[in-house]
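Have the sequence and the 3D view open as you read.

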Amino acid sequence: MATMYDVPADDLIEALADDLEERLDEPDWGKFVKSGVDRELPPEQEDFWATRAASLLRKVSDRGPIGVERLSTEYGGAKGGSNRYQVAPDKRADGSKNLIRTILQQLEEEDLVETAEGEGRRITAEGQSLLDDTAGEVLEELDRPELERYA
């Protein structure tokens, strides 16, 4: 049986996003919100909400229990320094905590993630099963010779 470690992350996230797109509803404000303070515009992806949810589910499974603060650090980036002369160095900026928190709450409603009291969020058995089943499907569909040894 394939696990999420057996397939490339981008292929797994893409396949998970297709499944989660039907299960999760993007809020009305989701189209207009930036994904972090370091961004100038909202995301242009059509399926951004489902893709971020799939990525969060994978990260919670890999690093869980993990909290919103740590996840926002991982989804952050570099915010530019001085606007006038561009002489100040870039500063670290976190990703949107509201975006992450809302997606995690939706994943909790679907019983894919649960709250570990005082530790953050961790994946449930159903969530791990979804990840492993999707990884198995992705592994079968992949046409990459370097991954044949995992099949």
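## About the model

This is a predicted model, in which local features need pLDDT of at least 70 and side-chain atom pairs count only at pLDDT 80 or more, while totals for chains, interfaces and linings use all residues. Residues are numbered from 1 along each chain as its sequence is written, and side-chain values use heavy atoms, with hydrogens and water left out.

## The chain as a whole

The chain has five helices and four strands, where helices (H or I, at least four residues) and strands (E, at least two) are DSSP runs numbered from the N terminus. Along the sequence they follow the pattern α-α-α-β-β-α-β-β-α. The C-alpha atoms fill a box of roughly 55 × 40 × 30 Å along the principal axes.

Of the 151 residues, 42% count as buried (under 20% relative accessible area, with exposed over 50% and partly exposed in between, using a 1.4 Å probe and protein chains only).

## Helix 1 against helix 2

Helix 1 (residues 9-23) packs on helix 2 (residues 48-63) at an angle of about 120°, and their axes are 8 Å apart. Axes here are lines fitted to C-alpha atoms over the stretch in contact, and angles run from 0 to 180 degrees between N-to-C directions. The two helices are therefore oblique to each other; angles under 35 degrees count as roughly parallel, over 145 as roughly antiparallel, 65 to 115 as roughly perpendicular and the rest as oblique.

On the helix 1 side, the residues that meet helix 2 include Leu 12, Leu 16 and Leu 20. Their partners in helix 2 include Ala 50, Ala 54 and Leu 57, with contact meaning heavy atoms within 4.5 Å.

## The nonpolar core

Which residues touch the most other members of the largest nonpolar core? They are Leu 20, Leu 57, Leu 71 and Leu 107, out of 34 residues. Such a core is a set of buried Ala, Val, Leu, Ile, Met, Phe, Trp, Tyr and Cys residues joined through side-chain atoms within 4.5 Å. Helix 2 gives the largest share of this core, eight residues.

## Two backbone details

Gly 64 and Pro 65 are joined by a cis peptide bond, with omega about -5°. Pro 65 lies in the loop between helix 2 and helix 3.

Asp 111 has a phi near 60°, a positive value in a residue other than glycine. Asp 111 sits in the loop between helix 4 and strand 3 (113-116), and at 46% relative accessibility it counts as partly exposed.
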